[in-house]
Amino acid sequence: MTRMRKFAALLAASAALLATPPTASATPTTRVPHGIFARETFDRLPLGPVTAAHGWTADTSNGSLTVVPGSDGHGRELRLRTEGNGRAFLVLSGLAPAGNSLWARLRLRVDAFPTAPDWAHWTIAEASGSDAPTLVRPLGGQYVPTARANFWGVGSDLGPTGDWTAWQTSAPATAGTWQCAEFHLDATDNRVTVYLNGAERPELTVSTTRHGGTPDDFVFPAFDRLKLGWQLYQADPTPSSYEMRMDDVALGSRRVGGCAA
């Protein structure tokens, strides 16, 4: 991301004072925009491996999280690395969003997406709740061998609609470039809406009766946990390891914004 974009994000963070709950990475004296209840820029964390910070922990298997200098030479960002079908996630726990709905924003760069095996499936965001087994995956995708490409798709698993990823060929996943991703989990219709680089991608929207699973209704759990990072589910993938960068994470009760070009 550019220095100007990061500066704009930090400038916006000084807009209003909000008493932050324990799940936020800000201290009570940090100024954050109204409606934001968790944020992390990684700029105040020490360089090196990290397993936890204020408001979040790590979930890894054959993977690691490391705070590194920003790719543009300014600030810091999070590097996530995995081997094979490993996982590396930043985990925000203890969430209790009003109305069981929330907005999320993060900047990300995936160095390479899988090219084998066929239909290799990956996840970047996963929301869950302790009241039901359903996993909601608002950011993820799949390698489609017939197109020899990876495509974004919202998905779910372990709920009544089964295991599915509703990828769309109109939403190709591009490797090696920074993107700003947003998603809205709206419990009024169990709706997931995705925005990439400030633009809504309506073809990725899923809801109670419009999704990629069984004929059953798609229903949210009571969200209390959000994982952001990388997981690939198939063994012996190509490439054999993966690296992702993440920055400017924010969760809010309204759209966080800041992704427009």
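Where is Arg148 found? In this predicted model, Arg148 is found in the loop between strand β8, residues 132–144, and strand β9. Its phi is positive, at about 50°, although Arg148 is not a glycine. The side of the structure that Arg148 takes is clear from its accessibility: Arg148 has a relative accessible area of 72%, so it is exposed.

**Backbone features in loops**

Most residues other than glycine have a negative phi, and most peptide bonds are trans. Against that background, a few places in the backbone can be listed.

Asp236 is another residue with a positive phi that is not a glycine, and its value is near 55°. Asp236 lies in the loop between β14 and β15. The relative accessibility of Asp236 is 71%, and because exposed means over 50%, Asp236 counts as exposed.

The loop between β14, residues 225–232, and β15 also holds Pro239. The peptide bond that leads from Thr238 into Pro239 is cis, with omega near -5°. A cis bond is also present from Ala116 to Pro117, where omega is near 0°. Pro117 belongs to the loop between β6, residues 102–110, and β7.

| Site | Feature | Value |
|---|---|---|
| Arg148 | positive phi | about 50° |
| Asp236 | positive phi | near 55° |
| Ala116 to Pro117 | cis peptide bond | omega near 0° |
| Thr238 to Pro239 | cis peptide bond | omega near -5° |

**Aromatic rings**

The structure holds 12 aromatic pairs. One of them joins Phe113 and Trp122, with 4.7 Å from centre to centre and 40° between the planes, and this pair is tilted. Phe113 has a relative accessible area of 8%, so it is buried. Trp122 is buried too, because its relative accessibility is 0%.

Trp122 also pairs with Trp152. How are the planes of these two rings set? They stand at 75° with the ring centres 5.4 Å apart, so the pair is edge-to-face. The cut-off for that label is an angle over 60 degrees. Trp122 lies in strand β7, residues 121–129, while Trp152 lies in strand β9, residues 149–159, so the pair ties together parts that are 30 residues apart in sequence. Both Trp122 and Trp152 are buried.

Phe113, Trp122, Trp152, Trp230 and Tyr242 form one aromatic cluster.

Another ring has a charged neighbour. Arg255 lies over the face of Tyr195, at 4.1 Å from the ring centre.

**The disulfide**

How many disulfides does a search of the whole structure find? The search finds one. It is formed by Cys180 and Cys259, and their sulfur atoms are 1.8 Å apart. The torsion about the S-S bond is about -55°, so the disulfide is left-handed.

Cys180 lies in strand β11, residues 179–186, and Cys259 lies in the segment after β15, residues 241–252, so the pair ties together parts that are 79 residues apart in sequence. Cys180 and Cys259 are both buried.

Note on methods. Residues numbered from 1 in each chain as written. Predicted model: local features only at pLDDT ≥ 70, side-chain atom pairs only at ≥ 80, totals over all residues. Heavy atoms only, no water. Phe/Tyr/Trp six-rings, centres within 6.5 Å; stacked < 30°, edge-to-face > 60°. Buried < 20%, exposed > 50% of the residue type's maximum accessible area, 1.4 Å probe, protein only. Helix = DSSP H or I, 4+ residues; strand = E, 2+ residues; numbered from the N terminus. Lys NZ or Arg CZ within 6 Å of the ring centre and 35° of its normal. Disulfide = S-S within 2.5 Å.
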